[in-house]
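I opened this notebook to record what I looked up in one structure. The entries follow the order in which I consulted it.

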Amino acid sequence: MANGTLKVGTITTSSGSGTITIPSGVTLSGGVANTPAVLVTNSGSQSISHNSTTLVTFDTERFDLGSNFNTTTYSYTPPSNGYYCFNFAVSFRGGANTNLARCNVGVKKGSSTFLDWEKDFSASYVLNAGTAASFFANVSDSDAYKLYVNVTDQSGNPSILGTITNSYFEGWRIA
């Protein structure tokens with residue numbers, strides 16, 4: 001490890017918090033990076049229509065470092081280019097016992113489908129189902145990411161279960 005020299009003009013004892021000014025051209029290493037990250041959930045269950053593509057309305061921010069989640073459009077727009085890791089979970093409930101036939105979750109980037117997952121229960125219908133997945137994205141534009149669902153339910157009244165224990169979306173920049 002190399003030894004360095006610290007030159008100080010004045011040292012003053014602080015009686016509280018202070019501010020450090022970093023001169024232009026100086027870089028810092030170590031410590032905590034200013035990494036954008038988000039975790040959003042549903043505040044409650046969301047009624048959805050049978051066999052209809054529906055936007056998941058994540059309306060509760062647990063945290064949003066950088067303020068990049070839009071609670072009006074329910075979308076996350078990464079603030080900078082780079083590699084991001086995203087995780088999500090969506091829990092479904094049929095309108096009646098053993099009526100869920102298919103649960104589909106899609107991630108849209110802008111207006112295009114980015115990734116898509118499906119669970120098919122048509123051979124043996126269920127009441128509840130859940131899907132959780134992780135994915136990486138090489139972000140090189142300012143497109144927003146949103147989750148959509150499409151559920152086939154024999155009763156015609158499916159829902160997305162709310163709160164962080166059932167449905168969430170999270171992401172952060174990794175490089």
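**Entry 1: the chain as a whole**

How many helices and how many strands are there in the chain? I noted first that the model is predicted. I then found 0 helices and 13 strands. Read along the sequence, the pattern is β-β-β-β-β-β-β-β-β-β-β-β-β.

I next looked up burial and found that buried residues make up 37% of the 175 residues in the chain. The chain exposes about 10,300 Å², and carbon and sulfur atoms supply 48% of that area.

For the contacts, I considered pairs of residues at least 6 apart in sequence; 73% of these contacts join residues at least 24 apart.

**Entry 2: salt bridges**

How many salt bridges does the count come to? I recorded 2 salt bridges.

In one of them, the side chains of E118 and R102 meet, with an N to O distance of 4.0 Å. This pair links distant parts of the chain, for E118 is in strand β9 (residues 112-120) and R102 is in strand β8 (residues 100-109), 16 residues apart. I checked the cover of both partners. R102 counts as buried because its relative accessibility is 18%, and the limit for a buried residue is under 20%.

K109 forms a salt bridge with D141, and their closest N and O atoms are 3.4 Å apart. Which parts does this pair tie together? K109 lies in strand β8, whereas D141 lies in the loop between β10 (128-139) and β11, so the pair ties together parts that are 32 residues apart in sequence. Is K109 buried or exposed? At 18% relative accessibility, K109 counts as buried. D141 is partly exposed, with a relative accessible area of 30%.

**Entry 3: D153**

I turned to D153, whose place is in strand β11 (residues 145-153). D153 is buried yet has no salt bridge. How far away is the nearest side chain of opposite charge? That side chain belongs to R93, and the distance is 10.0 Å; a salt bridge would require a nitrogen and a carboxyl oxygen within 4 Å.

What does the side chain of D153 reach? I found the backbone nitrogen of G95 at 3.3 Å from the side chain of D153. Setting aside residues up to four places away in sequence, I listed H50, G94, G95, N99, L100 and P158 as the residues that D153 touches.

**Entry 4: a nonpolar patch on the surface**

Which residues form a nonpolar patch on the surface? I recorded Y83, F136, W172 and I174, with about 430 Å² of accessible area together. I looked up one member in detail: W172 lies in strand β13 (residues 168-173). W172 is partly exposed, with a relative accessible area of 31%. Membership of a patch requires over 30% relative accessible area.

**Entry 5: S80**

Where is S80 found? I located S80 in the loop between β6 (75-76) and β7 (82-93). Its relative accessible area is 25%, so S80 is partly exposed.

Leaving aside neighbours within four places in sequence, S80 is in contact with V139 and R173. I also looked up S80 and S140, which are 60 residues apart along the chain; their C-alpha atoms are separated by 7.8 Å.

Notes:
Residues are numbered from 1 along each chain as its sequence is written. This is a predicted model: local features need pLDDT of at least 70, side-chain atom pairs count only at pLDDT 80 or more; totals for chains, interfaces and linings use all residues. Side-chain values use heavy atoms; hydrogens and water are left out. Helices (H or I, at least four residues) and strands (E, at least two) are DSSP runs, numbered from the N terminus. Buried means under 20% relative accessible area, exposed over 50%, partly exposed in between (1.4 Å probe, protein chains only). Lys and Arg count as positive and Asp and Glu as negative; His and the chain ends are not counted. A polar contact is a pair of N or O atoms within 3.5 Å; within protein, one must be able to donate a hydrogen and the other to accept it, and residues adjacent in sequence count only if both atoms are side-chain atoms. Contact means heavy atoms within 4.5 Å. Patches are made of residues with over 30% relative accessible area and no salt bridge: like charges are joined within 9 Å, nonpolar side chains (Val, Leu, Ile, Met, Phe, Trp, Tyr) within 5 Å. Accessible areas come from the Shrake-Rupley method with a 1.4 Å probe; for residues, only the protein chains shown count as cover.
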